[in-house]
Structures are given as C-alpha cells and as structure tokens.
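Notebook open, a few things to look up in this one. I'll start with charge and then go on to the rings.

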Amino acid sequence: MRQTKSNISYSLPVTVFREGKAFVAYTPVLDLSSTGKTEAQAKQMFIEAVELFFEELTEMGTLDVVLKDLGWTKRDGTLHPPRVVEHSLMSVSVSQ
C-alpha cells in the first residue's frame, strides 16, 4: 500500500543577512539556515532546506519530537511554531 503525503503550510519568521559575500536566511523556530550568492538564492535554498528538514524528520518518525524540542506546540492535532514576539537590535556592553 502506497502512503500518501499531505502538504502543510507554515509561515516561518526568517531573517536574511549578509555575511561577507554570502547572504544567509535563518529561522529561529527551526534553528535552520541556508546561504546563497544573492538574497533570492539564499531564500530559495532556505525553502529547499525546510522541505528536506521536514521530509527527513517525517521519514525518521521524529518530526513531533524534534519540533517540540524546538518549542513548537500541538493544538487540535497540528503542530504550531513558537510565535516571535519581537525582532530588534539591542545594544550590549561586553567587558574584555
């Protein structure tokens, strides 16, 4: 019997920043990042990385456990990512 796949869509908070000559797309709710030579490429690579992340965890049967470890919650049988409350820059002083 062939198992059918279902599609689930999530809105994930993603920060894109420049690191040297590369662009990095990162989401804290999966602790996952990708890189690219352009911002668009980093975003496309990020989508692919998220798809692979979910595929691999589903195949291994560890999706629920890993997502719960990352702070996701299950409501009405569906996993929901943690909600980002604020994204800002903070000034800090570090003694050296």
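**Charge, then rings**

I looked up Glu55 and found its place in helix H1, residues 39-60 (helices are DSSP runs of H or I, at least four residues, and strands are E runs of at least two, numbered from the N terminus). The model is predicted, so I keep to its limits: local features need pLDDT of at least 70, side-chain atom pairs count only at 80 or more, and totals for chains, interfaces and linings use all residues. Residues are numbered from 1 along each chain as its sequence is written, and side-chain values use heavy atoms, with hydrogens and water left out.

Glu55 counts as partly exposed because its relative accessibility is 38% (buried is under 20%, exposed over 50%, partly exposed in between; 1.4 Å probe, protein chains only). I find Glu55 in a surface patch of negative charge with Glu48, Glu51, Glu56 and Glu59 (patch residues have over 30% relative accessible area and no salt bridge, like charges being joined within 9 Å; a salt bridge is a Lys or Arg side-chain nitrogen within 4 Å of an Asp or Glu carboxyl oxygen).

Next, rings: I get four aromatic pairs (ring centres within 6.5 Å; planes under 30 degrees apart are stacked, over 60 edge-to-face, the rest tilted). Phe53 and Phe54 pair edge-to-face, at 5.7 Å centre to centre and 75° between the planes. Phe54 also pairs edge-to-face with Trp72, at 6.3 Å and 65°. Phe54 is in helix H1 and Trp72 in the loop between helix H2 (63-69) and strand S4 (73-75), so this pair ties together parts 18 residues apart in sequence. Phe54 and Trp72 are both buried.

How values were computed: Patch = residues over 30% accessible without salt bridge, like charges linked within 9 Å, V, L, I, M, F, W, Y side chains within 5 Å. Areas by Shrake-Rupley, 256 points an atom, 1.4 Å probe, with all protein chains shown as cover. Lys, Arg positive; Asp, Glu negative; His and termini not counted. Charge placed at Lys NZ, Arg CZ, Asp CG, Glu CD. Phe/Tyr/Trp six-rings, centres within 6.5 Å; stacked < 30°, edge-to-face > 60°.
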